[in-house]
Amino acid sequence: MADERAVSVSLLPELASPARLKDAVAVVIDVLRATTTIIHALAAGCNCVRPCLEVEEARSLADQMRAGRVLLAGERGGLPIDGFDMGNSPRRFIPRICRDVTLVLTTTNGTRAVLRCVPAARTMVAGFANYSAICEQLRHEKRPVCIVCAGTDGDVTLEDTLLAGALVDYLHDLGPVTLNDGARLAWDCFETHGRCLHAALELSQGGQALTRIGCSEDIETAAQVDTFALVPELRSAPTRIEVGAAGIVKHYWTKG
Ligand code: MLT
């Protein structure tokens, strides 16, 4: 039908083709932990986030910035990178550290997924932490929605799929949609695990990996719904993520 909105979920970034992204609004997800970290960092006062693919690229970008005005952060194998100011634990990004600084961030999968979305007409950054704020923006959007999950090293992840499914559930309630199979799988995942978010995140491979390196508190942080009412958005020239929309929102989370 002509007035049905196309909603697709790419369970991995490489499944989101530039052709699909073009003219669409992209929602990029890496619940454990990159997109959750980006939301926390911006909420804590970072003026923007500069996503980088590689460690050396991040180092040299940070070197060009004024000392005291930049935070260099990220992870490889989940662990902080040698010589960086911070790792990738969302709960560590607090106002005392973040206010008015630029965050230069490189993570294994999340920043890669964000940069994959560059061809999209608009890209928003999502976690459970800003679920309702994302829904609110999608409510006003007319364009096709392309939800892009970061996954882990080429594997589909439970936590990203679950959040993608929660967004599909919201969009389905909002009006007529055509779904790709990725969206249907994600929706099923939300139906199965949406009521026990924290347990699902702990069970996931990413959650287990975080527990192994002593970061289980990050799972708890990432499983909190609607901690913040802000929507980070990707901007160009230079490529950066800034707060696009912020404010009080209605809570759209439907599971217990
Ligand atoms: C990533 O980008 O791969 C993740 O955010 C990994 C992590 O934080 O451990």
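In this report Ala, Val, Leu, Ile, Met, Phe, Trp, Tyr, Cys and Pro count as nonpolar, Asp, Glu, Lys and Arg as charged, and the others, Gly among them, as polar. The structure is a predicted model.

**Ligand and its shell**

By these classes, the shell around the ligand holds two nonpolar, six polar and three charged residues. The residues that form this shell are Asp 30, Leu 32, Arg 33, Ala 34, Glu 75, Gly 78, Asn 88, Thr 107, Thr 108, Asn 109 and Gly 110.

| Residue | Atom of the residue | Distance to a ligand oxygen atom |
|---|---|---|
| Ala 34 | backbone N or O | 3.0 Å |
| Glu 75 | polar side-chain atom | 3.5 Å |
| Asn 109 | side-chain N or O | 2.7 Å |

The ligand sits in the largest pocket, which has a volume of about 340 Å³. The lining of this pocket consists of 20 residues, and those nearest its centre are Leu 32, Glu 75, Gly 78, Asn 109 and Thr 152. Of these, Leu 32, Glu 75, Gly 78 and Asn 109 also belong to the residues around the ligand. Helix α10 (residues 205–212) supplies four residues, the largest share of the lining. By class, the lining of the largest pocket comprises five nonpolar, ten polar and five charged residues.

**The second largest pocket**

A volume of about 160 Å³ is found for the second largest pocket. It is lined by 14 residues, with Pro 80, Gly 87, Asn 88, Ser 89 and Arg 92 the closest to its centre. Asn 88 is also one of the residues around the ligand. The lining of the second largest pocket divides into six nonpolar, four polar and four charged residues.

**Backbone features in loops**

The bond from Leu 32 to Arg 33 has an omega near 5°. Arg 33 belongs to the loop that runs between β2 (25–29) and α2 (34–43).

Another cis peptide bond joins Ala 237 to Pro 238, with omega near -5°. Pro 238 is placed in the loop between β10 (230–235) and β11 (240–246).

Asp 100 is not a glycine, yet it has a positive phi of about 65°. The loop in which Asp 100 is found lies between α4 (95–98) and β6 (102–106).

How values were computed: Residues are numbered from 1 along each chain as its sequence is written. This is a predicted model: local features need pLDDT of at least 70, side-chain atom pairs count only at pLDDT 80 or more; totals for chains, interfaces and linings use all residues. Side-chain values use heavy atoms; hydrogens and water are left out. On a 1 Å grid over the protein atoms alone, a cavity is a set of points where a 1.4 Å probe fits but cannot get out, and a pocket is an open set with protein on both sides within 12 Å along at least five of seven lines; lining residues have an atom within 4 Å of a point. Grid points are joined across faces, edges and corners, and a volume is the space filled by probe spheres set on the points. Helices (H or I, at least four residues) and strands (E, at least two) are DSSP runs, numbered from the N terminus. A residue is near a molecule or strand if one of its heavy atoms lies within 4 Å of it. A polar contact is a pair of N or O atoms within 3.5 Å; within protein, one must be able to donate a hydrogen and the other to accept it, and residues adjacent in sequence count only if both atoms are side-chain atoms. A molecule sits in a cavity or pocket if more than half of its atoms lie within 2 Å of its grid points.
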